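Subject: Structure for your study

Dear colleague,

Please find below the structure that I am handing over to you.

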Amino acid sequence: MAESGEPVSKKQKVEEFHKVRKDLNNFQVIKVLREDSAKKLLVVEGRIQGSSDETSNENKAVLFLERNPINIEYAKELVLSDHIDVSFRNDCYYSLLLAPSEPSYDVKATFINPATDFHITKYTQQECFVVHETPEIYQKIALPALEKEAFCLEWVYNILDKKSETERILYEDPDPEKGFILLPDLKWNGIDIDSLYFVAIVHKRNLKSIRDLNQSHLPMLKSILTECPIIIEKKYGVPAYKLRMYCHYKPSYPHFHVHINNIKLDCPGKDVHAAHLLSDIIQNIQLKNTYYLDRTITYQVKQKTLLYEQLKSAGYIEKQDENNPCEVKDLVEQSQK
């Protein structure tokens with residue numbers, strides 16, 4: 001077992017820096033995919049200039065921009081700065097615009113290059129609908145759609161095979177049956193503890209989601225549940241009772257993984273239509289070996305997805321009229337007819 005990965009060479013880091021700087025400098029914005037002023041984030045689709053036809057599907061990229069949380073050190077820089085603009089004053093209330101004297105990395109960016117249509121759909125703001133997925137619907141519609149629409153898993157295998165992100169690995173259990181790798185999620189800036197976010201990716205490559213879990217996987221699940229909080233508390237001082245550990249259903253990519261984040265973090269995917277607590281998963285499987293294979297699972301489906309189209313074609317999501325775009329039928333009743 002290890003608690004860190006091998007460092008990336010200096011030469012490789014320099015090469016990656018020059019490549020991403022070149023691509024960002026040639027990034028041409030096509031459209032806004034998502035905008036959230038409350039969370040201070042913006043996601044845009046673009047093209048890397050230089051292709052023969054920059055309006056074609058070649059050289060697609062997605063840029064995810066998010067403001068970092070303001071910590072006490074950054075606040076000190078702002079109040080000591082000369083870059084102050086007074087918008088107005090009313091009695092003891094001042095409205096100010098502040099900027100640090102020195103350049104500051106206050107925006108976290110995730111750059112997906114090249115991006116597929118699946119990436120673009122994932123980050124596009126769109127309507128969601130509630131689905132009650134029976135085992136029959138899973139086998140006939142949802143599973144084939146997941147396998148077709150799933151993101152390429154090459155980046156996951158690069159992590160497991162130590163080809164990428166080795167320096168970001170916090171902990172690894174290399175056991176092929178119950179082992180996993182623990183590393184920070186891309187959504188975390190690595191600094192703000194309140195927004196701490198890790199992901200545990202299992203070594204077993206035949207597990208797509210909680211639907212595949214049974215009692216033979218209990219050692220793996222229990223290891224993740226007990227080991228990860230110990231490692232995170234040792235490194236970052238966040239105890240187990242301050243951590244939220246869960247799996248998504250449906251997952252965004254079909255390789256089993258567990259999300260681990262600070263309970264203070266308000267993040268997408270933690271609501272009841274997506275998140276299944278790891279402790280509950282373990283208890284449910286202990287009660288019944290095929291619990292998740294046999295049960296009806298309720299979740300949200302996005303409108304611009306293959307799964308939505310398949311469910312709609314099969315009659316599980318029916319268009320009513322122009323004023324009421326969609327009605328989600330009770331899939332439990334449908335399967336019993």
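Predicted model: local features only at pLDDT ≥ 70, side-chain atom pairs only at ≥ 80, totals over all residues.

Two strands are said to pair if DSSP finds at least two bridges between them. Helices (H or I, at least four residues) and strands (E, at least two) are DSSP runs, numbered from the N terminus. Residues are numbered from 1 along each chain as its sequence is written.

The whole protein

The secondary structure comprises ten helices and 16 strands. Of the 337 residues in the protein, 39% are buried; buried means under 20% relative accessible area, exposed means over 50%, and partly exposed lies in between (1.4 Å probe, protein chains only). The accessible surface of the protein is about 19400 Å², and 51% of this belongs to carbon and sulfur atoms. Such areas come from the Shrake-Rupley method with a 1.4 Å probe, and for residues only the protein chains shown count as cover.

Strands of a sheet pair through backbone hydrogen bonds, either parallel or antiparallel. Here, six strands form an open sheet in the order 8-9-10-12-11-13, and the pairing is antiparallel. Strand 8 (171-173) and strand 13 (275-277) stand at the edges with a single partner strand each, so one side of each has no neighbour in the sheet. On average, neighbouring strands of this sheet are turned by 30 degrees against each other, direction ignored.

Within the sheet, strand 11 (residues 243-248) and strand 12 (residues 257-262) run antiparallel and are joined by four bridges. Which residue of strand 12 stands opposite Leu243? The residue opposite Leu243 is Asn262. Helix 6 (residues 218-236) packs on the sheet and touches strand 8, strand 9 (180-184), strand 10 (197-202), strand 11 and strand 12; the direction of helix 6 makes about 35 degrees with that of strand 9. Helix 7 (residues 278-287) lies across strand 11, strand 12 and strand 13, and runs at about 65 degrees to strand 13. Axes are lines fitted to C-alpha atoms, for helices over the stretch in contact, and angles run from 0 to 180 degrees between N-to-C directions.

The loop between strand 11 and strand 12 holds Lys250. A cis peptide bond, with omega about 0 degrees, joins Tyr249 and Lys250.

Strand 14 and its partner

In a regular strand the side chains alternate between the two faces of the sheet. Strand 14 (residues 297-302) has a covered face made of Ile297, Tyr299 and Val301, and an uncovered face made of Thr298, Gln300 and Lys302. Six bridges join strand 14 to strand 7 (residues 128-133), and the two run antiparallel. Lys302 in strand 14 is the bridge partner of Cys128.

Salt bridges

A search of the whole structure finds 18 salt bridges, each being a side-chain nitrogen of Lys or Arg within 4 Å of a carboxyl oxygen of Asp or Glu. One of them joins Glu73 and Lys76, whose closest N and O atoms are 3.8 Å apart. Both residues lie in helix 2 (residues 72-79), three residues apart, which is about one turn of the helix.

Another salt bridge joins the side chains of Asp161 and Arg205 (2.6 Å, N to O). Asp161 lies in the loop between helix 5 (154-160) and strand 8, and Arg205 in the loop between strand 10 and helix 6, so the pair ties together parts that are 44 residues apart in sequence. Asp161 is partly exposed at 38% relative accessible area, and Arg205 is partly exposed at 41%.

The loop between helix 5 and strand 8 also holds Lys162. Lys162 has a positive phi of about 65 degrees although it is not a glycine. Glu165 is found in the loop between helix 5 and strand 8 as well, and phi of Glu165 is near 60 degrees, again a positive value in a residue other than glycine.

Yours sincerely

Terms used: Heavy atoms only, no water. Contact = heavy atoms within 4.5 Å.
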